[in-house]
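Have the viewer open as you read.

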Amino acid sequence: MAQSVVKLPNAEASPVKKTTQFRELLTSPETSFIMEAHNGLSAKIVEEVGFKGIWASGLSVSTALAVRDSNEASWTQVLEVLEFMADATSKPILVDGDTGHGNFNNFRRFVEKLCQRDIAAVCIEDKLFPKTNSFLGENQPLAEIEEFCGKIKAGKDCQLDDDFCIIARVEALIAGWGLDEALRRAEAYHEAGADGILIHSKQSTADEILAFAREWGNRSPVVIVPTKYYATPTDHFREVGINLVIWANHNLRAAIGAMRDVSRQILEEETLTGIEGRVTNLGDVFEIAGNDELAEAEGRYLAAREETKAVLLAASRGRALQDLTEDRPKCMLDVRGQPLLQRLVGSFNGAGVRDITVVAGHKADAVNFPGINKVLNDDYETTGEAASLACALDALKGDCIVSYGDIMFRSYILNLLFDVESDIAVVVDGAWQKHRQDTPKHTADLVSCTAAYTGDYLDDSPVDLTRIDSAMPESDAHGEWMGLMRLNAEGAKKVRAEIEAMEADGSLAKASVPDLLNRLIEKGERPRVVYITGHWLDVNDAFDLARARNFR
Ligand code: SPV
Ligand code: MG
């Protein structure tokens, strides 16, 4: 039997199989009650309020899919819905199997699939495929008794669990064939192996149902659906020994009314104020969905990578861009419909970095879009990048990335940086000379390293940074720092300590980030080099800006 092996997030595991639970409901001397559901949510609610079983109504499942109760939904589509319902609950589901979705052969395959999905029982009715709802029209044709008995036998022969139940639904009273025919059919179906008889009626009183039950006695369990004779006191069902009562479609009908009311009111009032107090609150929605369990499972299963933060240095004006930076810093210049800095933030967000601090200075008010923490370097005109970084000391904790605010790059570069295990790691363009030929740059943060970029993909020996200096002779340089580095918790601590030391000795105000790195190197630090070859750019002048606008 396909009892769930894994404890499903939404359903409390029950020690008793669903098939066994249902058989107990059906055969208990007490009258039991099951309630209609038509999807995972309604099934869950039925269980939540305390019902011991669920009726997967054909009428309701079809209507919820906005098709008619005429086998318009295929049996596999119904199965999909049933799977959600079974996964969401620990109570047994009795499925409305209509006429069995074809002949004996189709039905036995349906039964097998129901068993695999942890459905407890199925009910089939002795009508013809495609079925018509019992409350529509008159004189609905009935199946041949022999044919229907064969179907029951085939289902019983291939059920995968001994406690799985097949209920035979007698439609003789619905079709107007009378009590004797109903009893004759019930007897034949009982003989064929049905675990219970559902006797259906569309009269507004329960007379014919009660008469059937008295006549039938306790030959086998009896199931009823009092949709039309709803005014009958439930004790009358108990008195004649009805085993199972199905409240067949009332969640669907309640939902239709509630959805209509709320939609209409919102349409008319064009505000939510009138309905907020009477719709289920969102906390309840998340609770029903089982979000607590997911949060707990995330704690257990998700790799606990420390969240990486980013500090973006975006205080400078970018004088070479002249008029363009009169009312905004260069990082806020438009690059294909979005400020350069916002694109950069998007790149970080895309790599899972969400805690982003931007150090603004020139026209700081213009640095304004969601998803960033802004800190100010008020002295941006007289200070350099190291002083800007000092303004973000609070963010320089744990794993963090420090980046110039005027760069663009392909996203894989961040992944390369994440892969490095080093207190400090810097991204260096090993193909910098080509880059320089393409663009007459004014300044570049040239670097020397313990080894040049080889381009040999077998060569993965670590390379360290030994000096970084824009005034370095090109012949000494191994590459250009792209303005991107990563610090782990230890690296961040070292950078914070160095900033404090620079503040103390008065060198901070004029220092650049390369100055800061050189001081650390002089103290023995060996920042790890991540070599790349192009695929990035920075924006210093109008020429760069034009390139940025073409960067794809
Ligand atoms: C259903 O709920 O789909 C049923 C019961 O078959 S009834 O609609 O009353 O026929
Ligand atoms: Mg039905």
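Before the numbers, one term: a cavity here is a set of grid points where a 1.4 Å probe fits but cannot get out. Keep in mind that this is a predicted model. With that in hand, a search of the whole structure turns up 2 cavities of 30 Å³ or more, and the second largest cavity has a volume of about 110 Å³.

**Cavities**

- Start with the second largest cavity: 14 residues line it, and those closest to its centre are Gly58, Val61, Ser62, Val78 and Asp98.
- Helix 3 (58-64), helix 4 (75-88) and strand 3 (93-96) each put at least two residues into that lining, and helix 3 has the largest share with 3 residues.
- Sorted by class, the lining of the second largest cavity holds 6 nonpolar, 5 polar and 3 charged residues.
- The largest cavity comes in at about 160 Å³.
- Its lining has 16 residues, and Asp96, Asn133, Arg169, His200 and Ala248 are the closest to its centre.

- The largest pocket has a volume of about 890 Å³.
- Of the 34 residues lining the largest pocket, Ser316, Lys330, Glu385, Asp406 and Asn540 sit closest to its centre.
- Strand 9 (309-314), helix 15 (385-390) and strand 19 (479-487) each supply at least two residues of this lining, with strand 19 giving the most, 4 residues.
- Helix 2 (40-49), helix 10 (250-269) and helix 12 (282-289) are the elements giving two or more residues to the lining of the second largest pocket.
- Helix 10 gives the most there, with 8 residues.
- The lining of the second largest pocket divides into 12 nonpolar, 5 polar and 2 charged residues.

**Helix packing**

- Two packed helices are described by the angle between their axes and the distance between the axes.
- Helix 5 (residues 104-116) and helix 6 (residues 145-158) pack at an angle of about 30°, their axes 8 Å apart.
- Angles under 35 degrees count as roughly parallel, so helix 5 is roughly parallel to helix 6.
- Helix 5 and helix 6 make a right-handed crossing.
- On the helix 5 side, Phe104, Phe107, Arg108 and Val111 meet Gly150, Lys151, Ala154, Gly155 and Cys158 of helix 6.
- That contact is made up of 5 nonpolar, 2 polar and 2 charged residues.
- How do helix 7 (residues 178-192) and helix 8 (residues 207-216) sit, and at what angle do they cross? Their axes come within 11 Å and cross at roughly 50°, which means helix 7 is oblique to helix 8.
- Helix 7 also passes helix 8 in a right-handed crossing.
- Leu179, Ala182, Leu183, Ala186, Glu187 and His190 make the contact from helix 7, while helix 8 brings Glu208, Ala211, Phe212, Glu215 and Trp216.
- The residues in the contact of helix 7 with helix 8 are 7 nonpolar, 1 polar and 3 charged.

Key. Residues numbered from 1 in each chain as written. Chains lettered and ligands numbered in written order. Predicted model: local features only at pLDDT ≥ 70, side-chain atom pairs only at ≥ 80, totals over all residues. Heavy atoms only, no water. Axes fitted to C-alpha atoms, helices over the stretch in contact; angles between N-to-C directions. Parallel < 35°, antiparallel > 145°, perpendicular 65-115°, else oblique. Left-handed = near helix turned anticlockwise from the far one by under 90°. Contact = heavy atoms within 4.5 Å. Nonpolar A, V, L, I, M, F, W, Y, C, P; charged D, E, K, R; others polar. 1 Å grid on protein atoms, 1.4 Å probe; cavity = no way out; pocket = protein on both sides within 12 Å on 5 of 7 lines; lining within 4 Å. Points joined across faces, edges and corners; volume = space filled by probe spheres on them.
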